Amino acid sequence: DFYDAFLKEGMHGELEYLARHRDQKADPRKWISFAHSAIVLTFHYVTKENITPHAGKRVALYATYTENQEDYHHEIRRRLAPILQELNTQYPEASFRLGLDAEPVLERDLAYRAGLGWIGKNTCLIDRDRGSLFFIAEILTSLELADETRTATIQSRDHCGTCTRCLDICPTGALLEPRKLDPRLCISYWTIESKSVAPRELRSKFGDWFFGCDLCQTVCPWNGKVFGRDEMQAQAQAVLPRDPAARTALVDELREILTLSNRELERRFTLSPLKRARGSGLKRNALYVVGNLKLHELTNEVSALLGDPKLGTLAKEILQDSQDGFKQA
């Protein structure tokens, strides 16, 4: 019902696949005929040991996750392969299929029903002992597993309390109310999923975010408990390039993105989630950051995009809006 209301209000924006997949999400058997039960797992994409302060362009933490320089979808499939093999060995008459976020599964709902956490006010699945900075995966199976609804319900009780930090920090007001997110206002939507240019008044609120946004998670006290309050607070801080060396590093990164061809960019980020935005989207995102931080060192690179059929208007507006040394070429 919640999903249907979301679609009816048009909150999916450009993401038409959310509407196309509605029936499959309502009943996975429409695309996997044997699906009867789900084994749900979570994988942290940060740990206390590998979380580091922002350096260079600012991206969502999930996009920095890698152990073997491969896309997280491939890595999770590789890590779960032995489990699938063992399940097939122990239950040769049963069927199994791995599901990830690229497939039409309401995985947060399954994880909630499996007792892996509650749906927080930021719409993310949260666990008291694991926080929320994790991927969800599920193994769909023909096995009839024991009904653990009662135990799962106890484990998935809401522990957000009166806290509203996630709602309060959202720069664009995308969290309209607890557990109601309008993607059309979300930084992640505009820098990852959308193929369009964000409205002028909205993108000015994106700050230094280049790809995605973690603010509604990094301010969550439950992630502070798991990963360290100081570490999470540092992740929530804007990376304004006041330090000359940091500014130079950021400018150099953005210059490379603005000057490489779209095809070169997609090759450059072949093994990274950043490829999701495609070459043109990465250039668009770089322009957002350049404009919001007024990086006048990149005036020539911005001006060079004035003739671009997709980004020319954005480049022109950034040059016009800047009060710090930008001049239209």
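A charge sits over a ring if NZ of Lys or CZ of Arg is within 6 Å of the ring centre and within 35 degrees of the ring normal. R268 lies over the face of F269 in this way, at 4.8 Å from the ring centre. This is a predicted model, in which local features need pLDDT of at least 70 and side-chain atom pairs count only at pLDDT 80 or more, while totals for chains, interfaces and linings use all residues. Residues are numbered from 1 along each chain as its sequence is written, and side-chain values use heavy atoms, with hydrogens and water left out.

**Rings and charges**

- R58 has its charged end over the ring of W209, 4.0 Å from the ring centre.
- The structure holds 9 aromatic pairs; rings of Phe, Tyr and Trp (its six-membered ring) pair if their centres lie within 6.5 Å, and planes under 30 degrees apart count as stacked, over 60 as edge-to-face and the rest as tilted.
- One of these is the tilted pair of Y45 and F135, at 4.9 Å centre to centre with 50° between the planes.
- Y45 lies in the loop between β1 (37-44) and β2 (58-59) and F135 in strand β6 (residues 134-141), so this pair ties together parts that are 90 residues apart in sequence. Helices (H or I, at least four residues) and strands (E, at least two) are DSSP runs, numbered from the N terminus.
- Y45 is buried at 7% relative accessible area, and F135 is buried at 7%; buried means under 20%, exposed over 50% and partly exposed in between (1.4 Å probe, protein chains only).
- F206 and Y288 have ring centres 5.4 Å apart and planes at 85°, so they form an edge-to-face pair.
- Because F206 is in the loop between α9 and β9 (209-211) and Y288 in helix α15, that pair links parts 82 residues apart in sequence.
- F206 is buried at 1% relative accessibility, and Y288 is buried at 2%.
- Y45, Y62, Y72, F135 and F211 make up one aromatic cluster.

**Around S194**

- S194 sits in the loop between α8 (187-193) and α9 (200-203), and is buried at 4% relative accessible area.
- A polar atom of the S194 side chain lies 3.0 Å from the backbone nitrogen of S196.
- Apart from neighbours within four places in sequence, S194 is in contact (heavy atoms within 4.5 Å) with E14, Y189 and R284.

**Helix α17**

- In α17 (residues 312-321), the buried residues include G312, L314, A315, E317, I318 and L319.
- The buried residues of α17 pack against α9, α15 (278-293) and α16 (299-303).

Methods
A polar contact is a pair of N or O atoms within 3.5 Å; within protein, one must be able to donate a hydrogen and the other to accept it, and residues adjacent in sequence count only if both atoms are side-chain atoms.
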